[in-house]
Amino acid sequence: MAGIYIHIPFCSKACNYCDFHFTTSFKLKEQIISAICKEVELNRSYLDSDLIKTIYFGGGTPSILDVHEVEKILKSIHKNFRVSHDLECTLESNPNDLTKEKINGFTSLGVNRLSVGGQSFNDDQLKKLNRTHTGKQIESTIKLIQDMGIKNINLDLMYGLPGLKNTSWENDLKKSIDLEVTHLSCYCLTIEKGTVFYKMVKKGDMIIDADKKINSQFLIMREVLINNGFDHYEISNFCIPTYESKHNTSYWSGKKYLGIGPSAHSYNGKKRHWNIKNNFKYIEALRSGRPFYEEEILSAKNIINEYILTRIRTTNGVSLTKIALLTNQAEYNNIKKKLSQFVDESLLYYKNDYFFLTQDGMILCDKITSDLFLM
Ligand SMILES: C[S@@+](CC[C@H](N)C(=O)[O-])C[C@H]1O[C@@H](n2cnc3c(N)ncnc32)[C@H](O)[C@@H]1O
Ligand code: SF4
């Protein structure tokens, strides 16, 4: 059982906070699609003939693709891999790309889950983020998708935005609930090097809100969503029961995945590799048979750290038995001691062999994870 991620490195406009790999020039689009299909073929053995249960078009903005371009990629996947009949096939979209025709086209190819990048329903916030759509357009796009019979919809929202009022954040969450989306990914803004926001912060033109305020937005999010029937199944992810993202869940449970396209990452249990983060070089490397990725063979320590990093974020938790299986005696003692300290500090709790984050622990998840890492 495995998943395939396809990175589509194009966006119609650069958002002020984003450092994902993309370009706003579409001149290499056709060549990228061909290179992606070639990479699919070259990697046909990477997943050891495992059944493909999930395909995820991410980006960038996959919804800018024409239907026939998505079709070309899916055909090459079906030709080279064994694809499950109950495939989850997700496509990330920007609200103003999705027309009736496009949704029809994508779903007729087997796309059965749409992820909508909304970020906020507040038009002032959307302007600050340099988004291409309004709050109303998010609403109408979600309604359109639902009218066309798709219930499996994720909406991306962001909090921790400078100047975001708690009332405005609560309003974003309530609007999402009223819209009856079945999944919400709520990301806390991170200021990434090279972005417009990074430069603004450096120049003193933008001031990041205090941790206390951002943490209160995290707590509001949990309270509002849990009270309205959502499961908080991963730090940034909530779903109506049974609507978890199967694709992302497989990342967090250590399943194999193949990442195709510039900047995409892959993992097969033993090795991880990551593709060139440059469209032109990616195309040229695939055309000429030159290497288009770097790879790392995972050390025993990497595997333990990876296990902690991925499980602690989720409601699956970290198993002590599994830690014992992965570690030597000294490493086991070291990790167990730290886990117990976090329990004493009420940042973790222990139940039936598993350690889970408490609500206070969720706020400190990154620090707890790095403290648990073996160096
Ligand atoms: C890389 S985008 C791809 C989807 C699509 N292009 C869009 O913008 O909706 C996936 C999500 O990552 C989140 N994201 C990107 N940069 C972020 C940042 N610096 N801090 C927090 N969330 C971020 C946004 O919520 C975005 O919707
Ligand atoms: S958030 Fe999405 S649309 Fe905006 S630049 Fe990043 S990938 Fe592109």
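**Ligand shells, core and domains of the predicted model**

The shell around ligand 2 consists of 6 nonpolar and 5 polar residues, with no charged residue among them. In this predicted model, the residues in question are C11, A14, C15, C18, F20, F22, G59, G60, T61, N94 and G117.

Attention now turns to the interior. In soluble globular proteins, nonpolar side chains tend to be buried together. The largest nonpolar core of the model has 64 residues, and I4, I6, I36, I73, Y159, L184 and I260 have the most contacts inside it. Helix 1 (residues 29-42) is the element that gives the most to this core, supplying 6 residues. Another core lies apart from it and has 15 residues, including I304, I308, L326 and L372.

Leaving aside residues up to four places away in sequence, I4 touches I52, I55, I77, Y257, L258 and I260. Strand 1 (residues 2-8) and strand 9 run parallel and are joined by 5 bridges, and I4 stands opposite L258 in strand 9. Because 4 of the 5 residues of strand 9 (residues 256-260) are buried, this strand is largely enclosed by the rest of the structure.

At the level of the whole chain, the division is into domain 1 (2-251) and domain 2 (300-375). The C-alpha centres of domain 1 and domain 2 are 29 Å apart. Where the domains meet, 7 residues of domain 1 are in contact with 8 residues of domain 2. On the side of domain 1 that touches domain 2, helix 8 (211-227) and strand 7 (231-234) are the elements that give two or more residues. Helix 8 gives the most to this side, with 3 residues. By class, the side of domain 1 that touches domain 2 has 4 nonpolar, 1 polar and 2 charged residues.

Note on methods: Residues are numbered from 1 along each chain as its sequence is written. Chains are lettered from A and ligands numbered from 1 in the order in which they are written. This is a predicted model: local features need pLDDT of at least 70, side-chain atom pairs count only at pLDDT 80 or more; totals for chains, interfaces and linings use all residues. A residue is near a molecule or strand if its C-beta atom, placed from the backbone, lies within 6 Å of it. Ala, Val, Leu, Ile, Met, Phe, Trp, Tyr, Cys and Pro count as nonpolar, Asp, Glu, Lys and Arg as charged, and the others, Gly among them, as polar. A residue is buried if 20 or more other C-beta atoms lie within 10 Å of its own, exposed if 12 or fewer, and partly exposed in between; C-beta atoms are placed from the backbone. Two strands pair if DSSP finds at least two bridges between them. A nonpolar core is a set of buried Ala, Val, Leu, Ile, Met, Phe, Trp, Tyr and Cys residues joined through C-beta atoms within 7 Å. Two residues are in contact if their C-beta atoms, placed from the backbone, lie within 7 Å. Domain bounds come from an automatic or database domain assignment.
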